[in-house]
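Please open the model in your viewer and follow the stops below in order. Each stop says what to select and what is there.

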Amino acid sequence: MSSETFSLHQLGWQPEYAQHLTLADFEAGYPARVMALHRHALLVMCSRGVVSVVLPHQLIDTDEGIAVGDWVLVEHEADRVLRLLDRQSVLVRIAAGGDHQRQSIAANLDVLFVVSSCNDDFNASRLERYLALALDAGVTPVIVLTKADSGHDVAAYVASAEQLMPGVPVVAVNALDGASVSQLEPWLASGRTVAFVGSSGVGKSTLANRITGEATQRTSGIREADARGRHTTTAREMFPTPSGAWVIDTPGMRELRLAAAKPELGAVFGDIEALAAACRFRDCQHDGDVGCAVEAALLAGVLDTRRLANYHKLRREALRVQQARHEQREHSRQFNAMAKQAMRAKRERLGR
Ligand SMILES: Nc1nc2c(ncn2[C@@H]2O[C@H](COP(=O)(O)OP(=O)(O)OP(=O)(O)O)[C@@H](O)[C@H]2O)c(=O)[nH]1
Ligand SMILES: [Zn+2]
């Protein structure tokens with residue numbers, strides 16, 4: 001049990017999480033927030049502090065699994081998870097390899113800081129990809145451009161980033177300087193949950209360490225016995241900031257394989273989708289046809305080639321993911337039907 005305790009409100013609790021809970025649920029258990037996952041156990045925080053709880057098998061095998069940041073209902077006096085509560089948002093990783101398995105990485109995030117830097121690593125297409133991912137997850141994106149101290153033309157980078165999606169704030173910071181990083185404070189109010197995504201080396205850890213203010217708590221875990229009775233240390237993956245916000249920093253965040261699950265990219269590429277809607281060709285792919293409204297915008301210099309190419313690329317990827325998921329579902333449906341039939345045949349043979 002950790003010494004620090006937080007009220008449910010401070011842990012980020014919102015009435016919406018209780019939407020599908022009944023009075024009986026509340027009598028059976030109490031809500032707690034997942035701080036880390038550890039094979040068959042979870043490290044959760046409730047109003048009494050950190051507790052290690054058991055995760056029943058049927059909950060391990062849910063569609064996308066439980067993630068850091070999730071709210072669960074824990075059985076009174078039993079340290080056992082009863083159920084997963086409805087999520088406000090969830091960041092999903094698409095597994096590498098052919099099956100496109102979706103895996104939850106972080107849940108109930110309020111803000112996703114999309115990090116790039118004010119140098120040659122700045123990549124508009126990658127930022128658009130992260131923006132699509134955030135919106136797909138139901139999280140508000142904020143673009144953070146680090147290395148504002150690197151001597152490059154910061155204003156030009158900020159202007160480029162601001163063009164990507166109207167309404168998304170862009171903040172340029174020197175992650176090594178506390179005063180500069182304090183620009184992120186508006187998104188770090190008590191009970192809010194945030195995470196950082198971005199390429200390796202852009203300064204995600206530096207920022208996360210800076211805003212949590214304490215490097216030591218990242219390594220402090222609690223010792224618990226695993227299934228074989230061995231003691232292992234479970235490191236927490238959700239850290240409080242001095243202002244009362246929470247930072248989710250899991251290894252999974254780092255290796256986020258980026259693919260939006262939905263091909264609707266309109267939130268990020270509203271300009272292109274508006275052009276497409278205005279295109280006079282009915283079944284146009286808006287991919288270079290003469291007379292196409294999108295093509296006309298390209299020629300007029302209103303739309304840049306890079307942005308359009310990235311839009312098509314992200315759409316193709318999302319469609320592939322959707323297609324693979326569909327095939328997977330179809331496959332398991334057929335398999336289940338077959339298994340059922342085999343069982344029935346066996347019962348009939350045995351005359352039951
Ligand atoms: N000058 C300067 N250096 C920075 C800034 N942000 C990060 N750095 C440096 O950049 C290097 C990489 O920073 P990290 O925070 O480790 O980057 P990361 O995004 O966490 O990288 P991964 O862990 O590989 O994903 C470190 O040496 C930092 O000190 C900044 O704003 N200005
Ligand atoms: Zn068209």
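**Whole protein.** Bear in mind that this is a predicted model. Show the protein as a cartoon: the secondary structure comprises 10 helices and 15 strands. Next, colour by burial; of the 352 residues, 35% are buried. For contacts, take pairs of residues at least 6 apart in sequence: 66% of these contacts join residues at least 24 apart.

**Ligand 1.** Select ligand 1 and the 16 residues around it. Which residues come nearest to ligand 1? They are A175, S200, G203, S205 and T206. Now highlight helix α6, residues 204-212, which gives the largest share of the shell, 3 residues. Colouring the shell around ligand 1 by class shows 9 polar, 4 charged and 3 nonpolar residues.

**D79.** Move to the loop that links β4 (71-75) with β5 (81-84), and select D79 there. The phi of D79 is positive, near 50°, and D79 is not a glycine. Most residues other than glycine have a negative phi. Is D79 buried or partly exposed? D79 counts as partly exposed because 14 other C-beta atoms lie within 10 Å, and a buried residue needs 20 or more.

**H286.** Finish in the loop between α8 (270-278) and α9 (293-300), where H286 is located. H286 is another non-glycine residue with a positive phi, about 50°. With 20 other C-beta atoms within 10 Å, H286 is buried, since the cut-off for burial is 20 or more.

Notes
Residues numbered from 1 in each chain as written. Chains lettered and ligands numbered in written order. Predicted model: local features only at pLDDT ≥ 70, side-chain atom pairs only at ≥ 80, totals over all residues. Helix = DSSP H or I, 4+ residues; strand = E, 2+ residues; numbered from the N terminus. Buried ≥ 20, exposed ≤ 12 C-beta atoms within 10 Å, placed from the backbone. Contact = placed C-beta atoms within 7 Å. Near = placed C-beta within 6 Å. Nonpolar A, V, L, I, M, F, W, Y, C, P; charged D, E, K, R; others polar.
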